[in-house]
Each structure stands twice: as structure tokens, then as C-alpha cells.
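Please read the following alongside the sequence and the coordinates. The text starts with one pair of side chains and then widens to the rest of the chain.

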Amino acid sequence: MIDSNPLTEETLPVDNHVRGDSDSHHHHIHTEDSLRRLVNRLSRIEGHIRGIKSMVQESRPCPEVLVQIAAVRGALDRVARIILDEHLTECIARAAQEGNIEAEIADLKSALDRFLP
């Protein structure tokens with residue numbers, strides 16, 4: 001079934017944290033290597049999604065498309081896990097040292113409420 005109002009980059013809700021213009025309690029500092037690895041993974045996922053779009057445009061069998069969607073979901077879950085791991089080991093630890101752990105945990109809980117089904 002094709003949605004008559006597909007989500008596009010223009011219609012997706014944008015979180016201020018994603019755009020970088022939030023009142024975040026601190027700046028998230030990640031190593032250059034970490035950022036490079038995350039961006040590379042996201043670029044591969046982006047390419048994979050373009051491949052799925054092509055599959056749909058070519059009217060490929062639905063089961064094939066679903067398998068590829070499952071692969072993208074798995075890849076996104078792995079990226080999310082890396083980001084969460086880094087947040088816990090770097091950002092939460094830093095917040096504890098700076099004395100604002102409660103606010104940082106509240107922000108994380110809020111994000112997890114939106115992230116988890």
C-alpha cells in the first residue's frame with residue numbers, strides 16, 4: 001500500500017537535538033575516529049535505502065524488498081547502539097563529573113521514550 005502522504009525530509013519532524021540548536025546541558029564531544037565510523041555507517045545505510053527505493057520503483061517482489069528493509073533496520077539499530085554506548089561511557093560520565101547527572105539522565109530517558117517502541 002502506498003501512503004498518499006509519504007514522509008520526506010521536508011515533512012519529517014525535526015528534533016532540536018538533531019539540528020544542534022537545543023539548550024543541551026553540554027556539547028557532545030566525540031573523537032574524530034568515532035565520528036568518521038558513524039558517518040561511514042550512516043552513508044552505507046543511506047545507499048542501502050536508495051537501493052530499496054530503486055527496488056520499489058522496479059516493482060521487485062515484496063518479500064525481497066522486506067528483507068532489505070529488515071537489513072536497514074538492523075544497521076540502524078547497530079548505529080543507535082554505538083551512539084548509546086558512547087553516550088553512556090562519555091557523556092553520562094562527563095555529566096557525573098560536572099555534577100549535572102540528573103539532567104543528563106532525564107534527557108536520555110526522554111530520548112529513549114521516543115526511540116523505543
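What do the side chains of E64 and R60 meet in? They form a salt bridge, with an N to O distance of 2.9 Å. The model is a predicted one. E64 is partly exposed, with a relative accessible area of 33%, and R60 also counts as partly exposed, at 37% relative accessibility.

R60 takes part in another pairing, a salt bridge with E58 in which the closest N and O atoms are 3.8 Å apart. This separation still qualifies because the cut-off for a salt bridge is within 4 Å. E58 counts as exposed, at 52% relative accessibility. S59, which follows helix α2, has a positive phi, near 55 degrees.

Helix α2 itself covers residues 32-57. It has 26 residues and reaches 37 Å from its first C-alpha to its last, close to the 38 Å expected at 1.5 Å a residue. The buried residues of α2 are S34, L38, I45, I52 and M55. These buried residues pack against α3, which covers residues 62-98.

How far apart in helix α2 are R36 and D33? They are three residues apart, and therefore separated by about one helical turn. The general rule is that an α-helix has 3.6 residues a turn, so residues three or four places apart point the same way. Both partners have intermediate accessibility: R36 counts as partly exposed at 46%, and D33 counts as partly exposed at 35%. The R36 and D33 pair belongs to a network of salt bridges that links D33, R36 and R37. Across the whole structure, a search finds six salt bridges.

How much confidence does the predictor attach to these parts? The mean pLDDT of the protein chain is 82, and 76% of its residues reach 70 or more. Confidence is highest in helix α2, at a mean of 97, the helix that holds the R36 and D33 pair. Confidence is lowest in helix α1, residues 16-19, at a mean of 42. Over residues 1-24 the pLDDT is below 50. Beyond near neighbours in sequence, this stretch of residues 1-24 has eight contacts in the model.

Conventions: Residues numbered from 1 in each chain as written. Predicted model: local features only at pLDDT ≥ 70, side-chain atom pairs only at ≥ 80, totals over all residues. Heavy atoms only, no water. pLDDT = per-residue confidence, 0-100. Helix = DSSP H or I, 4+ residues; strand = E, 2+ residues; numbered from the N terminus. Contact = heavy atoms within 4.5 Å. Expected span 1.5 Å × (residues − 1). Buried < 20%, exposed > 50% of the residue type's maximum accessible area, 1.4 Å probe, protein only.
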